[in-house]
Amino acid sequence: MPGDAILFYVFGAVMVVASLLVIGQRSTIYSVLLLIASFAALAGLYVLLDAPFLAVIQIIIYAGAIMVLFLFVVMLLNAPHEQAPADVERHWQGHGPRRLGAVLGLALLVELVWSVWRTSALQEAQVGAASARQLRALGSVREIGHVLFTDYGFAFEVTSVLILVAMVGAVVLAKREI
Amino acid sequence: MTAVLIAQIALIFVVFTALLMSAAVMVYAERKLAAGFQQRYGPYLVGPKGLMQPFADVLKLLFKEELRPKGADSRLFYLAPIIAATAAFSAFAVVPFGGETTLFGLLPEPIKLQVADVNVAILVVFAIASMSVYGIVLAGWSSNSKYSLLGALRSASQMISYELSYGLALASVLVVAGSLSITEIVEAQGGSWLGILPRWFVVVQPVGFIVYMIAAIAETNRAPFDFPEAEQELVAGYHTEYSSMSFAMFFLAEYINMVTVSAVATDLFLGGWQGPWLPASLGWIWFLLKMSALLFFYIWARWTLPRYRYDQLMQFGWKILLPIAVLNLIATAAGVIYFAR
Amino acid sequence: MIPSLTHYLVLSAVLFAIGTMGVFLRRNLITILLSIEIMLNAANLAFVAFGRAWGRVDGQVIVFFVITVAAAEAAVGLALVIALFRHRESLNPDAYTSLRG
């Protein structure tokens, strides 16, 4: 459907621009808000990929809880703006190393995109011949729940222990006196 | 442009206008009921029995000067009420308020009285509710004032704490109904036992209903959980520095959140638009009646109960309400498995 | 052009590279954590795209776990940032180099 293509490009553009601004601009609060926008676009992409449940989970957990946590920390610390490269003493924070870092990052980008693009024929060969309706039924909650609790049941239980450990750890680390 | 498409687009406008009017009705109802509970008259000068009072309020707010404190970050300052109002309105997009109707025979095929029928509708409501936290947090931060920031942080942490119990109460309904689509949940409440007692989930899940209503009151920052907005404690919390239309947006967002939460409670626990004597296409009348009963309860709670202190509020949310919600979910799941055999 | 698997993977690669650049270039602990989240989301997108291409639901289930682990990691990471900030009043990772030999 042509509508899907337009939506893909719109959401993709929002994600890329928002991510670039997250790493590119000074104020930490704006970075957090732009990342939230990026996650909302990602949720849109999940809907296009026939994963509506995952899209809503992304909004609830990532954009609705994790980012709130980031926002709280930024506000509590009253995070000062990052120092501009001009007024730092140490040598390896200056302009030169930053430019080298940017070049390396661009090299990584080009390499990744090129390797993905080159194997596109291989990817097309892998694509199964499932019909559109089957694909839509894939992302249903029933299907995800079934696989989650049978094939991935152990991982599910381990994840719950992991969350408990993270909760206790976060409380202990952030306390003033234990 | 088929007739059905036109009807669906018109439905969007009808819902939007209805939500705006409901906020106005709620303002009036709140003041009149508060007056009744406090044995005084309430507004009676503007229009017959004071019915034009909300419009007078809106006019006053429109003509007020739009202020912004000096150190306030202007982009975030104006973004916050927009987020709050948008989240409030969007949450109602997936809530059905009536059965299928052909608009008295005008349409060739029936349309659902729901702006968007998504089959993960409950989660969408929950997701948008968790987005409304940002309106509050950004309002507090961008006002550059200590009352606002404190109020905003307290309000936000209260909202995310009670979201857990809210979600668990929703989950217990899901377990009983077996579907995430609100339309299907309402239809699962059709029929009755012994011809008298309707199969509403409030009968099957009384604890879930109580947990849901308490969590909903805390989520919408209403008394007795409105410490962050308390006049005596924090001036007006996160919307201290706002005036005119920005303040009106927060005000509007709060009332529409109340309406949305009551609408979801009506659909999930009170059988939605089903009721005796009326055909399914006029079910929205029953829906309005049930929703109004819940909103009356909301207003009643505000003007009767004293306010919780912030630490009492958090203790209640984490140490009492959350365990009850978890136990309710486990008991519901056990019950469903046992009785399904 | 209808977006095919390759389009989604290219988008995922671009986002991952942006996240990596953020970790390299920014000298602010919170922005580094945000860049890590960008990288995790890029990986999630790749998982879901592949899962759909192969007609299996495992892609989405794995993403479910990745989101959970990312939440746990963000919580602990931010707690560490708060604890560190109490010591040095700085969010610059170069302020915490006392173990450097």
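Student: Which residues of α2(A) meet α2(C)?
Tutor: In this predicted model, Thr28(A), Ser31(A), Val32(A), Leu35(A), Phe39(A), Leu42(A), Leu45(A) and Tyr46(A) are the residues of α2(A) that do so. Their partners in α2(C) are Ile30(C), Thr31(C), Leu34(C), Glu37(C), Asn41(C), Leu45(C) and Val48(C). Two residues are in contact if their C-beta atoms, placed from the backbone, lie within 7 Å. Helices are DSSP runs of H or I with at least four residues, numbered from the N terminus.

Student: What kinds of residues are in that contact?
Tutor: There are 10 nonpolar, four polar and one charged. Ala, Val, Leu, Ile, Met, Phe, Trp, Tyr, Cys and Pro count as nonpolar, Asp, Glu, Lys and Arg as charged, and the others, Gly among them, as polar.

Student: How many residues does each side give where chain A touches chain B?
Tutor: Chain A gives 13 residues and chain B gives 14 residues.

Student: Which helix gives the largest share of the chain A side?
Tutor: Helix α3 (residues 52-77) of chain A, with 11 residues. The chain A side divides into 12 nonpolar, one polar and no charged.

Student: Changing topic, why is α4(B) largely enclosed?
Tutor: Because 22 of its 22 residues are buried, α4(B) is largely enclosed by the rest of the structure. A residue is buried if 20 or more other C-beta atoms, placed from the backbone, lie within 10 Å of its own.

Student: What follows α4(B)?
Tutor: Asn144(B), with a positive phi near 55°.

Student: How should I read the numbering and the model?
Tutor: Residues are numbered from 1 along each chain as its sequence is written, while chains are lettered from A and ligands numbered from 1 in the order in which they are written. The model is predicted, so local features need pLDDT of at least 70 and side-chain atom pairs count only at pLDDT 80 or more, whereas totals for chains, interfaces and linings use all residues.

Conventions. Helix = DSSP H or I, 4+ residues; strand = E, 2+ residues; numbered from the N terminus. Buried ≥ 20, exposed ≤ 12 C-beta atoms within 10 Å, placed from the backbone.
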